[in-house]
Protein chains: 2
Amino acid sequence: MTYTFADKLGSLKPSMIREILKSANDKSVIPFSAGNPSSEAFPAAEIAGITADILANESTTALQYGITEGYAPLIGAVKQNLAAKLTIADTDDVIITSGAQQAIELSARAICNPGDRIMCENPTFIGGINAFKAAGLVLSGVDVEEDGINIEAAEKAASAVKMIYVIPNSQNPTGVTMSLEKRKALYQIACKHNLIIIEDDPYGDISFSGKTVPPIKSFDTEGRVIYAGSFSKTIAPALRIGFALCNKEILQKFVILKQITDVHTTSLSQMICYRFMRDYDYNAHLDSISRIYKNKCSLMLEGIEEHLSGVEFTRPDGGLFIWCTLPSGIDLLEFAQKAIQRKVAIVPGIAFLTDENQPSSSFRLNFSTPSEEAIVKGIRILGEVFSSAFNHEIH
Amino acid sequence: MTYTFADKLGSLKPSMIREILKSANDKSVIPFSAGNPSSEAFPAAEIAGITADILANESTTALQYGITEGYAPLIGAVKQNLAAKLTIADTDDVIITSGAQQAIELSARAICNPGDRIMCENPTFIGGINAFKAAGLVLSGVDVEEDGINIEAAEKAASAVKMIYVIPNSQNPTGVTMSLEKRKALYQIACKHNLIIIEDDPYGDISFSGKTVPPIKSFDTEGRVIYAGSFSKTIAPALRIGFALCNKEILQKFVILKQITDVHTTSLSQMICYRFMRDYDYNAHLDSISRIYKNKCSLMLEGIEEHLSGVEFTRPDGGLFIWCTLPSGIDLLEFAQKAIQRKVAIVPGIAFLTDENQPSSSFRLNFSTPSEEAIVKGIRILGEVFSSAFNHEIH
């Protein structure tokens, strides 16, 4: 038969990143295109020990249906952990989700109707862009500056939107952290225009400087911020454990939607995250993985300074990504293509734009997936590709 | 702030079953209302052994991001297992989903637009009803008879719908298995009206008689059947592993939607299911759990015959449920209420109707969750409630 599909899918493409990820199964490619956390940062031995204990002593809880809201001890541990960053309102609560991706998607589907507008940083996370498009939403992109979203542009865009989506810490793809002033200003904009904010914070627990900026949720007196967190970068992504902290009225809608989406999140994964937080020094673990990421990031930045002179780049204080912008006159897609011919994969910036018809001379580099050797080698190769492109252009 | 939510959510209620499940945490209640598989049927020791081995030897695969389509060895094992029931077309493939619930939801979202009609058995699975409503679909309910869906009514309804949703084996909630003739007739209706069929088969591997009817997918020469399966009833539900077998064009749309929903299904759960099928005699395991369910079902049927004379009931050949219908003159909701006062929980039939404004004098009994002692005691109590209601009505 000839198939016809839902209209909303027309605007969606398979996540370019995930497609590149698949082709990057080619072990000879240096995966600066990836978005994976560092495998060496996974607490694999601890997880093995915890899991053996769970399956020996609590197998029925791990195997029988659980409730949609999530495993109660994990909800408690998440709230205890959040208490270091903010005060949880009595009217708020936590729901466990199948990754923060699910928290983003549930937000879009619960709050908005097809045709509603959502304000996003531009560029932003592909998984956010696609979730919003699949919910039939229209994206209003607002440029990201060195200290976060452009507030004047956000103010202008606010009157037409229903919701705001931002990644304030070590943003994907730019690596930029939003200043406290801008967080407060954005919250005021949301109050003035009666908007919900999705504050997506998968990277907030990985800080290179040790300095953290209070989340927008920490000054949310009106219950208009949905704070989404994840254990993908702090414990392990394939466990697929995220969460949302939000007003209980919103949470109840998430529960209804999650029931029909996947009933509940895998119990064993939830129990593993809980036990890891309970039985180990979680803050010491975060410090240790922050050091791993910081070292890799520094190494990549040094390489960029040495080999990519003339390329603009961000200096992230956490997360997984550095955002680079080519000088004018160099064609980005040609650059990316020549890089992949030399077995170095990068993601062209266009993948992250809210309007894919915009031009982009930027690209995203991931420093968490490749080994230190691969970082050094890959940046050197990018430098060679850059030099030859640059020489080609100016001569 | 005052919240406004997506319009589609207006028609949805939290799954009555899952809400009852939560309140049935009261251990003193006999949970005939549940939908849980028997915990004693879980291969807990085998899972503990497998998991220890996976985390000792393949921890990076278990913890790092995987691909959206699913863990390749599990896809292979699922296909090998399906080969006993049907021939997989070259144009078809398998995607791993987070429970069969996700396969149902992805089908609705990928194929249909809001406002489209879907034909469902009436009564049917609440998770299906809610998934379709959340996708903005309108339900066309077609009555279920002793041998499955009413074909004349299905033929009439077909011209107005885009998709058909059926549970041909041991249907939830009725326990009815659709005859081969009706499966073929329904497929012909789908061909004539150019419809997609979702064949939801969570119970097909649990057969009391050992007789099985070929799935609709087995005569799907046109690629119009999406066959959804699950390990929730055969290995363990909290692993949240299901799958869909369908045409690759449809599967590609599922991949796009699944990327934005939960990125991929928990890898450890997928690896556990694969290893259980690889390392153990899976068919012997299915025989063994079928015996557990058959015994519990027989015990419940005996109790019904003894204590609920005048109540009509189905005799399922598998699955988890028996469907009972009260004689006229007895108010079902009053009966259910008196039963819960006596600490026996049942689910009123209205929960499963495609049009909740229809009347219903039926209720669903689950025989897999309660112990054998609880089955005997609970049915005796229902008999007492029934006798007193019946006497009350006729005197």
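Helix axes here are lines fitted to C-alpha atoms over the stretch in contact, and angles run from 0 to 180 degrees between N-to-C directions. This is a predicted model, where local features need pLDDT of at least 70 and side-chain atom pairs count only at pLDDT 80 or more, while totals for chains, interfaces and linings use all residues. Residues are numbered from 1 along each chain as its sequence is written, chains are lettered from A and ligands numbered from 1 in the order in which they are written, and side-chain values use heavy atoms, with hydrogens and water left out.

**Exercise 1.** Describe how helix α2 of chain B packs against helix α10 of chain B.

*Solution.* Start by locating the helices, which are DSSP runs (H or I, at least four residues; strands are E, at least two), numbered from the N terminus. In chain B, α2 covers residues 44–57 and α10 covers residues 267–279. Next, take the geometry: the angle is about 115 degrees and the axes are 10 Å apart. Finally, look at the residues in contact (heavy atoms within 4.5 Å). α2(B) contributes B:E46, B:I47, B:I50, B:T51, B:D53, B:I54 and B:L55, and α10(B) contributes B:L268, B:M271, B:I272, B:R275 and B:F276.

**Exercise 2.** Find the relation between chain A and chain B.

*Solution.* Superpose the copies by least squares on the C-alpha atoms of residues with pLDDT of at least 70 in both. Within chain A, A:A52 has the C-alpha nearest the axis, at 3.2 Å.

**Exercise 3.** Work out how chain A and chain B meet.

*Solution.* First, count: 81 residues of chain A are in contact with 82 residues of chain B. Then take the buried area, the accessible area (1.4 Å probe) that two parts lose on being put together, summed over both. The two chains bury about 6900 Å² between them, with 58% of it on carbon and sulfur atoms. Now compare the surfaces: 100% of the interface residues of chain A are also interface residues in chain B, so the copies meet through the same surface.

**Exercise 4.** Locate two cis peptide bonds.

*Solution.* In chain A, one joins A:N122 and A:P123, with omega about 5 degrees; A:P123 sits in the loop between β3 (117–122) and α6 (126–134). In chain B, another joins B:N172 and B:P173, with omega about 15 degrees.
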